[in-house]
Amino acid sequence: GSDLLEDTQDGATDYLSRARQAAIAAADDPKSGSKLRRGRRSAASATPKTGKSGARKFPIMAAASVFALAAAGAGGWVALRGKQIFTETSDAPTIVTKSSLVASNEATLAAAEEPSLTGVEFAEAPLSAAVNEALEEDLFEEGSTAGIGETATPVETVAAAAPTETPDLPEIPMALTLERAALNGNPIAQFKWGLERHQAQDHVAAAEFIGRAAEQGLPAAQYQFAKLHERGLGVPRDFKIARSWTERAANGGNILAMHDLAVFFADGEGGSQSYAAAAEWTRKAADFGVVDSQYNMALMYENGLGISPSQVEALYWYEIAAASGDASAPGNVATLREALPLDKAQQAQRRASVWTVSRRDPEANGEFGSQTWDRSTQAQVVAIQTVLNGLGYDAGAPDGVAGAGTRTAIRAFQADSGLETDGEISDALVAALNAQAQGLAG
């Protein structure tokens with residue numbers, strides 16, 4: 001089992017522990033009358049689907065575990081998919097973002113995309129002249145030393161040879177970094193910086209910054225803050241607090257929080273128990289494309305958990321989950337197609353073939369786009385390249401990309417200035433370049 005499965009079991013009641021063991025035993029026993037015995041296993045252990053090339057077409061499903069519930073009238077235990085795992089890598093649970101289901105139900109999704117918890121990477125692409133001219137004062141941090149709060153001047157290509165006359169060189173600004181933006185109170189920066197600290201195993205700092213962003217109302221941060229409380233990483237382990245933050249994130253539009261909140265309601269962990277509320281939140285997450293929720297929705301219809309039992313509706317959601325890439329659903333689809341009258345089975349299949357995913361709020365799910373500190377960094381590189389060229393160090397055409405030519409020019413300048421020749425951009429490099437440019441102008 002996963003770490004989170006072990007953690008959940010630590011805090012579960014004896015009843016739920018026995019229930020889980022009963023569900024696992026039923027799933028493994030071919031003689032059992034349980035409807036869960038075939039293909040019902042943790043999504044964490046499911047084999048991902050592959051394309052023709054053998055490459056993984058869908059990301060590994062990251063459900064933490066199964067958990068067992070006693071279903072009245074179902075003749076046994078029901079093993080639903082558990083809460084998602086907050087990993088220290090970029091792996092994320094399967095979420096459907098595009099659907100091209102067909103009547104035959106044999107085609108898989110045409111495309112799928114993973115939500116990034118860390119936002120959009122800084123794109124190293126050359127700046128156009130129009131972009132250079134459009135960079136404004138808000139790209140740089142205010143209230144610090146020389147150059148802060150000023151914009152980069154429009155760039156012209158400077159000859160690489162030593163200047164024959166005093167060039168008009170811009171003053172290089174101090175870039176607004178992600179860390180500085182986080183310290184300045186930007187909630188997106190706080191969240192992203194907290195994730196970086198988490199990946200670096202600095203869990204105390206991670207919890208501090210993610211918590212700040214959560215308090216400012218960022219749903220993606222609220223969800224991850226809940227996961228930290230589930231695991232006790234940088235904060236006390238507390239399922240009641242974890243559930244509270246999960247609920248706030250779900251209400252704010254975070255679709256993984258919707259899935260986890262449904263699990264909290266189903267098993268009663270950290271608060272009240274309600275199958276009806278579990279079914280409501282499961283449906284919301286399923287509509288937004290969370291595949292584990294689609295599978296759970298089918299199970300809830302099949303076994304009448306918080307919702308009127310319906311084999312037709314169960315087949316409908318198993319069809320959707322199967323076409324979305326779930327590894328366990330196809331077996332359940334085959335079983336229910338055989339059990340239902342042909343017209344009922346075909347009806348569910350036709351409905352599933354035209355199902356489309358609901359549009360989610362990108363920011364609530366950790367998709368933020370390019371941020372101020374990204375553009376600030378690129379503008380600073382343009383200014384550094386311009387000054388290096390003006391001082392006789394060939395950095396190439398100022399394009400905002402710190403490539404090999406720029407690094408070589410930086411190392412040459414560092415060697416001549418008595419700095420460490422690492423080719424890296426630092427506050428010390430910016431200060432030395434500004435000092436020489438001002439001395440040349442004076």
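The axes of α12 and α14 cross at roughly 40 degrees and come within 8 Å of each other. The two helices are therefore oblique to each other, and α12 passes α14 in a right-handed crossing. On the α12 side, the contact is formed by Val312, Glu313, Leu315, Tyr316, Glu319 and Ile320; α14 contributes Lys344, Ala345, Gln347, Ala348, Gln349, Arg351 and Ala352. The model examined here is predicted.

Helix α14 comprises 12 residues, 342-353. Its span from the first C-alpha to the last is 16 Å, close to the 16 Å expected at 1.5 Å a residue. Ala345, Ala348, Gln349, Ala352 and Ser353 are the buried residues of α14. Because they cover an arc of only 135 degrees around the axis, these residues lie on the same side of α14. In an α-helix, residues three or four places apart point the same way, because there are 3.6 residues a turn. The cover over the buried residues of α14 includes α12 (311-323) and α13 (329-339).

The crossing in which α5 passes α6 is left-handed. In α5, the residues that meet α6 are Pro187, Gln190, Phe191, Trp193, Gly194, Leu195, Arg197 and His198. Their counterparts in α6 are His203, Ala205, Ala206, Phe209, Ile210, Arg212 and Ala213.

Terms used
Residues are numbered from 1 along each chain as its sequence is written. This is a predicted model: local features need pLDDT of at least 70, side-chain atom pairs count only at pLDDT 80 or more; totals for chains, interfaces and linings use all residues. Side-chain values use heavy atoms; hydrogens and water are left out. Helices (H or I, at least four residues) and strands (E, at least two) are DSSP runs, numbered from the N terminus. The expected span of a helix is 1.5 Å times one less than its number of residues. Buried means under 20% relative accessible area, exposed over 50%, partly exposed in between (1.4 Å probe, protein chains only). The arc is that of the directions from the helix axis to the C-beta atoms. Contact means heavy atoms within 4.5 Å. Axes are lines fitted to C-alpha atoms, for helices over the stretch in contact, and angles run from 0 to 180 degrees between N-to-C directions. Angles under 35 degrees count as roughly parallel, over 145 as roughly antiparallel, 65 to 115 as roughly perpendicular and the rest as oblique. A crossing is left-handed if the near helix is turned anticlockwise from the far one by less than a right angle, and right-handed if clockwise.
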